[in-house]
Amino acid sequence: LMLRGLLRITHIVSRLFALDKDGIRYALDHPRQMTTHMFDRRNTRILILIIIIINALQYVVFLATTLPRPIGPDSPNHFDNQVQLAGAGFFQTISTRVAGFEMLALNDLNQGLLGIYIIFMYLSIAPFVSRMYVTEETYRKDGLTTQSHADAGEARNRFSHSYLFRHLS
């Protein structure tokens, strides 16, 4: 996602720095020919939407399980008010799954919230991998690329059989 964003910004400012605007445009129009970790505009937007939904669900569960607890210097969280706790929770919602940072001791959190963290840590890569299966391309003998799957249903079946079932069993 970041790579596509950086290329888009580079494409916008390419005239200022005399960069190859056509080459950058080609990379944006044919992302899977450049790298396996860049997607077209539609799939990038789907991934962004899924990430927002995952983060929102995780944050709502954090707020529901943490805000009713006591606040103050005697509490295990050491936050003075609920606004600070909510802000720390937002940071923790994003960073626990992505980088492993924590603002609140995981031992002091609700056990259900820890379960949600674990589930979303595992599931957060699935949308990315599914988009990789859907946008997979193969090279023909003449050097051109074609979609590997005839339709989205075939890609969905391949993803569920080769990724989900293998990892969930």
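Biologist: Is Arg25 buried, partly exposed or exposed?

Modeller: Arg25 counts as partly exposed, because its relative accessibility is 25%; buried here means under 20% relative accessible area, exposed means over 50%, and partly exposed is in between, with a 1.4 Å probe and protein chains only. Please keep in mind that this is a predicted model, in which local features need pLDDT of at least 70, side-chain atom pairs count only at pLDDT 80 or more, and totals for chains, interfaces and linings use all residues. Residues are numbered from 1 along each chain as its sequence is written, and side-chain values use heavy atoms, with hydrogens and water left out.

Biologist: What does the Arg25 side chain meet?

Modeller: It meets the side chain of Asp29 in a salt bridge, at 3.0 Å from N to O, where a salt bridge is a side-chain nitrogen of Lys or Arg within 4 Å of a carboxyl oxygen of Asp or Glu. Asp29 is partly exposed, since its relative accessibility is 44%. The two residues are four apart in helix H2, so about one helical turn separates Asp29 and Arg25.

Biologist: Why would side chains like that pair?

Modeller: Side chains of opposite charge can pair when their charged atoms come close.

Biologist: And how many salt bridges does the structure hold?

Modeller: The structure holds one salt bridge.

Biologist: Staying in H2, which residues are buried there?

Modeller: Ile24, Ala27 and Leu28 are buried in H2. Seen down the helix axis they fall within an arc of 100°, so they line one face of H2; the arc is that of the directions from the helix axis to the C-beta atoms. These buried residues pack against H1 and helix H3 (31-34), with helices taken as DSSP runs (H or I, at least four residues) and strands likewise (E, at least two), numbered from the N terminus.

Biologist: What does Ala27 touch?

Modeller: Not counting residues up to four places away in sequence, Ala27 touches Leu7, Met34 and Met38, contact meaning heavy atoms within 4.5 Å. Ala27 counts as buried because its relative accessibility is 5%.

Biologist: Moving on, which residues make up the largest nonpolar core?

Modeller: That core has nine residues in all, namely Tyr59, Phe62, Leu85, Ala86, Leu104, Leu109, Leu113, Leu114 and Tyr117. A nonpolar core is a set of buried Ala, Val, Leu, Ile, Met, Phe, Trp, Tyr and Cys residues joined through side-chain atoms within 4.5 Å. Two or more residues come from each of helix H4 (41-66), helix H5 (82-98) and helix H6 (111-123), and H6 gives the most, with three residues. There is also a second, separate core of five residues, which includes Leu7, Ile24, Ala27 and Leu28.

Biologist: What is Tyr117 in contact with?

Modeller: Leaving aside neighbours within four places in sequence, Tyr117 is in contact with Gln58, Phe62, Gln92, Thr93, Thr96, Leu106 and Leu109.

Biologist: Last one, how many helices and strands does the chain have?

Modeller: The chain has eight helices and two strands, and along the sequence they follow the pattern α-α-α-α-α-α-α-β-β-α. Of its 169 residues, 31% count as buried.
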